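Work through the exercises below with the structure in view. Try each task before reading its solution.

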Amino acid sequence: MTDNEDPCFSSEERSRAAKRSTIVSILVNLTLSLVQITVGLFSRSQGLIADGIHSLSDLVADFIVLLASHHSGKAADENHPYGHQRFENAASLALGAILLMVGVGMLWAAVRKLEYPDTIPTVHTAALWVAGVALVSKEVLFRYMLAVAERVKSSMLVANAWHARSDAASSLVVAIGIIGNLAGYPILDPIAALIVGCMVAKMGWDFAWDALHDLTDRGADKEEVDAIVETLRSTPGVAGVHDVRTRKMGDLIVVDAHLEVDAQMTVEASHAIAVEARTRVLQRHRVLNLMTHVDPWRPC
C-alpha cells in the first residue's frame, strides 16, 4: 500500500487519541507550572517564572484541544451538513492566539526588567535544577504528542505538540540564562525570558495565520490533489478528470471533480462509475466527501 493509500482514522479514533495525549499533557504541564513558578519566586529567577507561566498557558491550550476534539467528532447534522471538523481549525486559531498573547506578555515583562539592570538579583541554584527537569520533561512530552498527532494525521494535535516543543526550547534558553546568572552575569536571566517571549510569540503567529487560511477555504496541497486526481483517473471507465477543486474541513478535504465518461453510456452506467471513483477516493485519501459531475466524452 502506498503512502496515499494509508487508511484514514475515523473521527472517533482521532478524538480518543486527542483526549489521551491531551490528558497526559495536562498532568505534565500542571505539575511543571506549579513547580516552576514556586521555585522561580523562591530563587528570584524571572526566566523560570516566565517558563512556568508558559507551561500554565499550555493548560488553557490543552482544554481548548479537548473541547475541540469533542465537538469535531460529532456527526453531521442539519446545521452542519459537512460535519464539525472545522472545530479543529478554530482550536488551532485559538491556540495560536493564546501563544501570541503569552509571548507578548513575556516580552513586556523582560523589557521592563532590562530597563533597570541593577535591580536584577542573582538566582538560586535550585532554579537550574528545576529548569533541567522541565527541559527533559517537555522534550519527552513533545515526542509523545507528535507521534500521536502524526499517526492520526491531526493538524490540531500537531500544533499542540509543537506547542510542547516550544516549551522545551524555552526551558533550554532559561537554563542557559540561569547558568549565566550564576556565573556572574545576572542580566542573562531576563535576556533568556526575552528570547523565550520572542519564540512563543512567533509560533503563536504562525499557528494562528495557518488556521485562519484553513477557515477561509484554503485548498489542499498540490501533491495531495495530484494523488486524488490520479486515483480518479485510474478508476475503470473514467476517460478524464478536470475542474478539480478542494477545500479544507479540519484535517479532511472536501473535493469537487468533473469526470469524463463515454458519451454512449447509459445514465445508470455513468453513475456506477462515479460511485466507484468516489469510493476509491474516500478509501485512499483524507477526503470527507467527493462531489462528482459526469461529462460526456467522445473519442477523437
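This is a predicted model: local features need pLDDT of at least 70, side-chain atom pairs count only at pLDDT 80 or more; totals for chains, interfaces and linings use all residues.

**Exercise 1.** State how many helices and strands the protein has, and in which order they come.

*Solution.* Start with the count. The protein has 8 helices and 3 strands. Now read along the sequence. The pattern is α-α-α-α-α-α-α-β-β-α-β.

**Exercise 2.** Find how many aromatic pairs the structure holds, and classify the geometry.

*Solution.* Search the whole structure. The search finds 1 aromatic pair. The partners are tryptophan 205 and tryptophan 209, with ring centres 5.7 Å apart and planes at 10°. Planes under 30 degrees apart count as stacked. The pair is therefore stacked.

**Exercise 3.** Locate tryptophan 205 and tryptophan 209 in the fold, and decide whether tryptophan 205 and tryptophan 209 are buried, partly exposed or exposed.

*Solution.* Find the element. Both residues lie in helix H6, which covers residues 188-215. They are 4 residues apart, about one turn of the helix. Next, recall the limits: buried is under 20% relative accessible area, exposed is over 50%. Tryptophan 205 has 48%, so this residue is partly exposed. Tryptophan 209 has 45%, so this one is partly exposed too.

Definitions and conventions: Residues are numbered from 1 along each chain as its sequence is written. Side-chain values use heavy atoms; hydrogens and water are left out. Helices (H or I, at least four residues) and strands (E, at least two) are DSSP runs, numbered from the N terminus. Rings of Phe, Tyr and Trp (its six-membered ring) pair if their centres lie within 6.5 Å; planes under 30 degrees apart count as stacked, over 60 as edge-to-face and the rest as tilted. Buried means under 20% relative accessible area, exposed over 50%, partly exposed in between (1.4 Å probe, protein chains only).
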